[in-house]
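Q: I have a protein model open and would like to learn how to read it. Could you take me through a few features?

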Amino acid sequence: MPVTERRGPLGAGPGHGLLGDGAAHKKRRSVDRRIHCRSAGWMEFLGKAGPMSWIHKIAIILVGCLLPAGAALPAYGAPAPKTPARPKVGLVLGGGGALGLSHIGVLRALEEQRIPIDFIAGTSMGSIIAGFYASGMSPDEMQAFLEGLDWDEVMSDETPRRELYFRRKQDDQRYLFEMGLNWNGPKMGTGMAAGQKFNNLLQLATLRSAAITNFDRLPIPYRAVATDLQSGTAHVLDRGSLATAMRASMAVPGVFTAVELDGLTLVDGGIVNNLPVDVVKDMGADVVIAVDVGSDADLVDPASLKSLGGILGRTYTIAQRPEQIEQFKRADIGIQPVLAGLTASDFARVSEFVPKGEKAAQAKADELSRLSVGEEEYAEFLARQRRAKPESIPVGEVAVTGNRRVGEGVIRGRIRSRAGETFDERTMQLDLMRIYGIGEFEQVLFRLDPGEGGRRILRYDVKEKSWGPLYLALGLNLRSDFEQDAEWAMLLNVTRRSLNSLGAEWRNEIEFGSRQNVLSEYYQPLDAAGIWFLAPAVEYRSKTEAVYDDDARVADYDVQTLEGRLDFGLQLRRYAELRAGPVWGTGKATVETGATNLPTFDEDYAGWKIGLIVDRQDRTLFAREGYYFETKGLFARDDLGGDADFDKVEGVFRKMQSLGDHTVTLGLHAGSSLDSDLPGYAQFKLGGPFGFAGLAEGQFRGSYLGVASVGYGYRLLQLPSQLGKGVYAMARFDTGNVWANEFDTSDLRYGAAVGLGADLSIGPLYVAYGRADEGYDCFYFSLGTIF
């Protein structure tokens, strides 16, 4: 800091306050003012000093004599020598998706060269790395944090299936998409993903500085650049939530939803200012270091323009690149990592990006050396910049804010964090996932606000979907055995959620195509936790079912049922559901094609239904972990108004276990009539791609069923999260049968199937060939959602 001249206590000019000013100069590490204690030196000094009291002269002589011999005596009245101030260094980190991960290597190289950063700003991914550094993270911490992420999971908003409450598990892999409905028509979100998990991870990573809302007060003053869609200009974020600012700067249009903040709609800042050199200059930087990770985009591979993604990406680059080049020219030192062979979507390749950034910064060592400081001064900088992650944060209160139509009790029923306990990151993350899994929220954030007695308020702040609470969802499925059986079906679902504070919903479904189905169910939880519920429903089903004589398809029946039921149930959170209640229905089966002398059915039935489902599998199809158990029973009684007495019980169990890319599945499926006479429409069926390998669906029927299966899957390819989960090679072996009168293990069939499957975003794809004993074989094809 420059020394400021001021009058000393002697009042004769600068330098006369030697005792006071000399001490101050020493404290500021300025050049020491020393007086030569030789007679000529101090006598000359006193002669030029002008009139003063003898006491003052004696004091000056004593001070001069205490100074080391040879010390230079400044001319009286001359200004004090000044140490040149260190230039303020600003660092600019440009956007570029995963390419921005190379910024970590640049920071590491700057630290190795002991270059302190006084200001930092970034755009898009650059704002993420800049925000991490400004909050107090080290480059090593950043790399370890980002390498430990499952990026496909991070970029998906889906709550892990195991954490969904049972009601929402029924929707897994059932619909292609969901949108809102209102009087103005359909309405959707502003991006493919809301960035829910990504935002929560940013919050956790910056927790060490989360209480700071003025970005000038962060360990390093920070700015993030976003684009204001209303004005079409850059919006510089300098206060508020650090995590929200970072998220807004990286809200890539169409990929992540826009961020609404202070009345503005903000998206990725790279659209208007992908390398904000001007922002850092405005912050007060004397020297600006700019890191441009998009320089390789100036060299275009024609092959990359053969796809829609390549064309869109290049279009985005063309729009932003000219301004980025201009900003780069305004920097004092420019760094451009060579990132050939890496792309903006390669987030999982953190360890490959970091060394390239480090190498690029090291190549600028000569230019950067003039900004280097001594070890002691740099240690002081690191002590200011580094912030430890907070530990043992006591929680005094758990609060919920932002909800309007969703009852607070419904939200609290998903929260496991408790007041009086220590803040636990994992518990909090699961709370966020379960709250988000309610299906009514666009975003769920957490905050740790100051509370009483040094405790914190753990606050869950929700943002309800602007396109709710009436939702439209669509499912589509195609199936074929490449011979006689080909089906297509479309499912239209309209559900009104949050009908009351307990979270009631009214679900309506229409299925049309090769089969028709109409369902209307009112689901009313009886407590805020959603454990007990009542669910009256009415359902109409119509389907063509084939009848076989051995392997010959002899007839097609048109089977129609109309059923009403009143279920009283228990939802065991995310584990299981138990339902029981009365059921009334009517069933009719008429011959559609085939022999005219085949029997027809037209019966009413009434009785009791009971069902228990325990579902802990990670996916509905292509599950790799967990288990599934279902048992259900129908007990029809003529004294309740039906035409027949019969009992039908059935059970299914599957267990999946994976090791690396290998998955083994064990399955059991059994059913019994309990020695009653099952009508034709209620008999157990054997066959189909997921029933028994090598047999057509429903090829054999009976009153008793037993099948055991062993399946194996090998993951050939893990797909990008936008496309799905993976591609698998599969094989399955089945043994079992259906019987007319009783289980008979001496009469077993055997079948095996091999095929390929893909867990796609548009629904599972399954292609297989199955063969059973006695020469039966069948091809299977299925694409689309499951319903």
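Q: Which side chains does a polar contact of 2.7 Å join?
A: A polar contact is a pair of N or O atoms within 3.5 Å; within protein, one must be able to donate a hydrogen and the other to accept it, and residues adjacent in sequence count only if both atoms are side-chain atoms. Here the pair is Asp734 and Arg732. This is a predicted model, where local features need pLDDT of at least 70, side-chain atom pairs count only at pLDDT 80 or more, and totals for chains, interfaces and linings use all residues. Residues are numbered from 1 along each chain as its sequence is written, and side-chain values use heavy atoms, leaving out hydrogens and water.

Q: Is Asp734 buried or exposed?
A: Buried means under 20% relative accessible area, exposed over 50%, partly exposed in between (1.4 Å probe, protein chains only). Asp734 has 0% relative accessibility, so Asp734 counts as buried.

Q: How many residues of helix H4 are buried?
A: Helices are DSSP runs of H or I with at least four residues, numbered from the N terminus. In H4 (residues 103–112), nine of the 10 residues are buried, so the helix is largely enclosed by the rest of the structure. Among them are His103, Arg108 and Glu111.

Q: At what angle do the axes of H9 and H17 cross?
A: Two packed helices are described by the angle between their axes and the distance between the axes. Axes are lines fitted to C-alpha atoms, for helices over the stretch in contact (heavy atoms within 4.5 Å), and angles run from 0 to 180 degrees between N-to-C directions. The axes of H9 (residues 196–205) and H17 (residues 425–436) cross at roughly 155° and come within 11 Å.

Conventions. Helix = DSSP H or I, 4+ residues; strand = E, 2+ residues; numbered from the N terminus.
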